[in-house]
Amino acid sequence: MMHILKCEKCGSYGLSNKCSCGGTRHKPKPPKYSHDDKYGDYRRKYKEQMEESRT
Ligand SMILES: [Zn+2]
């Protein structure tokens, strides 16, 4: 299994952990699924609705 690494310095991708720019390539972090943010948004909307109905 091949791992594509990303240079932390220039952002280029490659299979070697040494980039030609002199930086080090690492495994790119998977895009974080913002479940918490989505949930927080739901709660914020819910709270807004609650406050709207109250006033
Ligand atoms: Zn680089």
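Among contacts in the chain between residues at least 6 apart in sequence, 3% join residues at least 24 apart; two residues count as being in contact if their C-beta atoms, placed from the backbone, lie within 7 Å. What you're looking at is a predicted model, where local features need pLDDT of at least 70, side-chain atom pairs count only at pLDDT 80 or more, and totals for chains, interfaces and linings use all residues. Residues are numbered from 1 along each chain as its sequence is written.

Let's start with the overall layout. The chain has three strands and one helix, and reading along the sequence gives you β-β-β-α. Here helices (H or I, at least four residues) and strands (E, at least two) are DSSP runs, numbered from the N terminus.

The three strands come together as an open, antiparallel sheet, in the order β2-β1-β3. That puts β2 (13-14) and β3 (25-26) at the edges, each pairing on one side only. Two strands pair if DSSP finds at least two bridges between them, and β1 and β2 have two bridges, in the antiparallel sense. Look for lysine 6, whose bridge partner in β2 is tyrosine 13.

Now go to cysteine 7, in strand β1 (residues 5-7). Cysteine 7 is buried because 21 other C-beta atoms lie within 10 Å. The cut-offs are 20 or more such atoms within 10 Å for buried, 12 or fewer for exposed, and partly exposed in between, with C-beta atoms placed from the backbone. Buried residues make up 4% of the 55 residues in the chain.

Leaving aside residues up to four places away in sequence, cysteine 7 touches Ser12, Cys19, Cys21, Gly23 and Arg25. Proline 28 is 21 residues from cysteine 7 in sequence, and their C-alpha atoms are 8.5 Å apart in space.
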